[in-house]
Amino acid sequence: QVWPSYNEQIEALANYVISNKEGNVILVYESGKDSSELVLRLKSRLSAAFPPSKVGDIITKRFFHISYRTAQPFDAIAGIFLKAFSKHTNNLVVVPVDNEAFVSDVLSKLANMRVVYSMPIQLYGLNEWQRYKSIDIENYYSLNLHYISPFFVDYAAANVKRFVTLYRSRFHAEPTQMAFHGYDVAYFFVPSVSQYGSSLDRCIPCHKESLLQSNYKFRRVGSSGGFENTGMFRVRFTPEYEIISE
């Protein structure tokens with residue numbers, strides 16, 4: 001399985017947030033989704049990774065979760081946000097929602113929080129947001145959006161430049177994501193099958209290739225199952241209007 005499973009991507013998102021040791025963590029999701037598997041998993045991982053800190057007799061909470069309905073105006077829920085946000089440390093806001101209307105609404109509210117209350121915000125979202133048409137992309141940059149993606153094309157890389165040039169010459173068009181994907185699959189598996197033959201199942205976890213948009217890292221699922229790719233990119237938007245892969 002060359003596309004990492006949804007569960008694997010959510011686990012990677014949790015690890016991405018946890019890799020930032022400092023700050024408040026605020027999980028924001030739609031009202032009524034409190035018992036969804038996704039929300040419960042993230043609550044468990046993030047609350048354990050960001051326990052309350054104690055200085056003397058003062059206990060400071062570091063993990064919060066907020067749910068609301070999109071119909072609520074900013075003024076009506078600003079007080080709830082203010083109880084969770086801090087002006088003195090980074091606020092890591094995790095929004096694990098694939099609903100364009102809700103994401104558009106919460107990004108607008110977060111942008112207001114950042115400007116009106118001078119709140120430092122670092123946003124964590126989903127790769128699926130890239131297909132949304134109604135989102136003001138300026139918010140991705142100003143809120144420093146971070147997300148996990150199974151693919152990322154660096155158009156400055158030499159192998160990508162070469163592929164794009166040859167593709168344009170051959171097909172008189174720009175390569176699509178599926179064109180990059182098809183190339184990566186062939187470029188990875190044809191040499192590995194040729195090299196390892198019947199030993200492929202033992203050798204594929206160690207096989208590496210410089211691919212165009214993927215980072216294949218295969219692991220066996222279960223003791224006798226097949227293999228799933230766990231290689232993903234950590235992508236972030238910067239206030240300098242760059243999109244960087246880590």
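**Entry 1: the sheet**

Two strands are taken to pair if DSSP finds at least two bridges between them. I worked with a predicted model, in which local features need pLDDT of at least 70, side-chain atom pairs count only at pLDDT 80 or more, and totals for chains, interfaces and linings use all residues. Residues are numbered from 1 along each chain as its sequence is written, and side-chain values use heavy atoms, with hydrogens and water left out.

I noted that helices (H or I, at least four residues) and strands (E, at least two) are DSSP runs, numbered from the N terminus. I then looked up the sheet and found an open one of seven strands, with mixed pairing and the order 4-1-5-6-7-10-11. Strand 4 (63-68) and strand 11 each have a single partner strand and stand at the edges, so one side of each is left without a neighbour in the sheet. On average, neighbouring strands of this sheet are turned by 25 degrees against each other, direction ignored.

I next examined strand 1 (residues 24-30), which runs parallel to strand 4 and is joined to it by six bridges. Opposite Leu27 I found His65 in strand 4.

**Entry 2: helices across the sheet**

For angles, I used axes that are lines fitted to C-alpha atoms, for helices over the stretch in contact; the angles run from 0 to 180 degrees between N-to-C directions. Contact means heavy atoms within 4.5 Å.

Helix 3 (residues 74-84) lies across strand 1, strand 4 and strand 5, and runs at about 165 degrees to strand 4. Helix 4 (residues 100-116) lies across strand 1, strand 4, strand 5 and strand 6, and runs at about 170 degrees to strand 6.

**Entry 3: Val93**

I located Val93 in strand 5 (residues 91-94). For accessibility, I took buried as under 20% relative accessible area, exposed as over 50%, and partly exposed as in between (1.4 Å probe, protein chains only). Val93 has a relative accessible area of 0% and is therefore buried. Leaving aside residues up to four places away in sequence, Val93 touches Ile26, Val28, Phe85, Leu110, Ile121, Gln122, Leu123 and Tyr124. I also looked up Val93 and Leu143, which are 50 residues apart along the chain, and found their C-alpha atoms separated by 9.5 Å.

**Entry 4: helix 1**

The expected span of a helix is 1.5 Å times one less than its number of residues. For the 13 residues of helix 1 this gives 18 Å, and the end C-alpha atoms are 18 Å apart, which agrees. I listed the buried residues of helix 1 as Glu8, Gln9, Ile10, Ala12, Leu13, Ala14, Tyr16, Val17 and Ile18.

**Entry 5: aromatic pairs**

Rings of Phe, Tyr and Trp (its six-membered ring) pair if their centres lie within 6.5 Å; planes under 30 degrees apart count as stacked, over 60 as edge-to-face and the rest as tilted. How many aromatic pairs does the structure hold? I found 23.

One of them is the edge-to-face pair of Tyr16 and Tyr124, at 5.5 Å centre to centre and with 90 degrees between the planes. This pair links distant parts of the chain, with Tyr16 in helix 1 (residues 6-18) and Tyr124 in strand 6 (residues 121-125), 108 residues apart. Both Tyr16 and Tyr124 are buried.

Tyr155 and Phe180 also pair edge-to-face, at 6.2 Å centre to centre and with 80 degrees between the planes. Tyr155 lies in the loop between strand 7 (146-149) and helix 6 (158-171), and Phe180 in helix 7 (residues 177-196), so the pair ties together parts that are 25 residues apart in sequence. Is Tyr155 buried or exposed? Tyr155 counts as exposed because its relative accessibility is 53%. Phe180, at a relative accessible area of 1%, is buried. I found one aromatic cluster formed by Tyr155, Phe163, Tyr167, Phe171, Phe180, Tyr183 and Tyr187.

**Entry 6: salt bridges**

A salt bridge is a side-chain nitrogen of Lys or Arg within 4 Å of a carboxyl oxygen of Asp or Glu. Searching the whole structure, I found eight salt bridges.

In the salt bridge of Arg168 with Glu174, the closest N and O atoms are 2.7 Å apart. Arg168 is partly exposed, at a relative accessible area of 42%, and Glu174 counts as partly exposed at 49% relative accessibility.

Asp201 and Arg220 meet through their side chains in a salt bridge of 3.7 Å, N to O. Asp201 is in helix 8 (residues 200-203) and Arg220 in strand 8 (residues 218-220), 19 residues apart. Finally, I recorded a network of salt bridges linking Glu11, Arg41 and Arg45.
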